[in-house]
Amino acid sequence: MRLLLLGIAFCVQWSRLESQQSPIRSASHFRLAPTALSLAGCPYSAPVFTCRSTGECIPMYFACDGEKDCADGSDEEQCATRPCPDGFFQCSNGQCIPENWKCDYYADCKNGDDEKQNCAPPVCESHQFSCRTYTWNTTYCIPQHWKCDKTADCADGSDEDTCDYRQCLADDFRCTSSNLCIAKEKHCDSVYDCRDNSDERGCNRTSCYRGQFLCKSRDRCIAESDVCNHRDDCTEYHLINLNTNIINASDMVNSKFRFRR
């Protein structure tokens, strides 16, 4: 029993070290605790950075990243003049990152240098609209139904270009924030048509976002991709949501879209 408790304590302490020292980028780039480095030697693939006084090694992309990983701080010295090895891209702060991290739609350099290299835009999904101009860290892929809704989502406003907006009728419902007109039949029809959800506000019924399916019980929404998948997601969703409270319908549909990072 004592060995078991010691093992659990070690795992907890290790997980704390990992959560404190691991970079956000991906699981494959986790930092090891300093004790592990000294016991196991250098576990990283070359090229690496070797700390001046201790001889410990760290991944090359940990040097000049604004955090002292070496005990003597040598990994954060001479960053302006230190060249990068072959196969690495140099950020403006001197940090060296693998070349294949450039233009991967993830900012590895502190100021996003690696994503400002005339990178090709991401490929939007079939249910999305592509903005005309791609600029790093601005919205580019948006839901199709956000086009021509009197709300500019693209940085260049291209989602509101060449729009044939509905001519408002006397009995139309006007969305509160955008003044967009929708047919009166769409008011309180259990589908959010206004971006601010004002068309379903006060209707006293369950409403779903575009890309969702309203279950027959009319008390919950599931993703349209879960319809006709040979699984009772309406019932299963209800049970999971009731027991663990970890699923949110709007999160499920929003996860299909690519937004600002």
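Me: Is the disulfide of Cys 91 and Cys 109 left-handed or right-handed?
Reply: In this predicted model, the torsion about their S-S bond is about -70 degrees, so the disulfide is left-handed.

Me: And which parts of the chain does the pair tie together?
Reply: Cys 91 sits in the loop between strand 3 (88-90) and strand 4 (96-98), while Cys 109 is in the loop between strand 4 and strand 5 (128-130). The parts are 18 residues apart in sequence.

Me: Are Cys 91 and Cys 109 buried or exposed?
Reply: Cys 91 is buried, and Cys 109 is too.

Me: How many disulfides does the structure hold?
Reply: There are 14 disulfides. One of them joins Cys 215 to Cys 234, with 2.0 Å from S to S.

Me: Where do Cys 215 and Cys 234 lie?
Reply: Cys 215 is in the loop between strand 9 (212-214) and strand 10 (221-223), and Cys 234 is in helix 3 (residues 233-244). The link is left-handed, with -95 degrees about the S-S bond.

Me: Next, Cys 42 and Cys 57. What is the handedness of their link?
Reply: Right-handed, with 110 degrees about the S-S bond. Cys 42 lies in the loop between helix 2 (34-40) and strand 1 (48-50), and Cys 57 in strand 2 (residues 57-59).

Me: Why does Cys 57 count as buried?
Reply: Its relative accessible area is 5%, and buried means under 20%. Cys 42 has 39%, so Cys 42 is partly exposed.

Me: What about Cys 228, buried or exposed?
Reply: Cys 228 counts as exposed, because its relative accessibility is 76% and the cut-off for exposed is over 50%.

Key. Residues numbered from 1 in each chain as written. Predicted model: local features only at pLDDT ≥ 70, side-chain atom pairs only at ≥ 80, totals over all residues. Heavy atoms only, no water. Disulfide = S-S within 2.5 Å. Helix = DSSP H or I, 4+ residues; strand = E, 2+ residues; numbered from the N terminus. Buried < 20%, exposed > 50% of the residue type's maximum accessible area, 1.4 Å probe, protein only.
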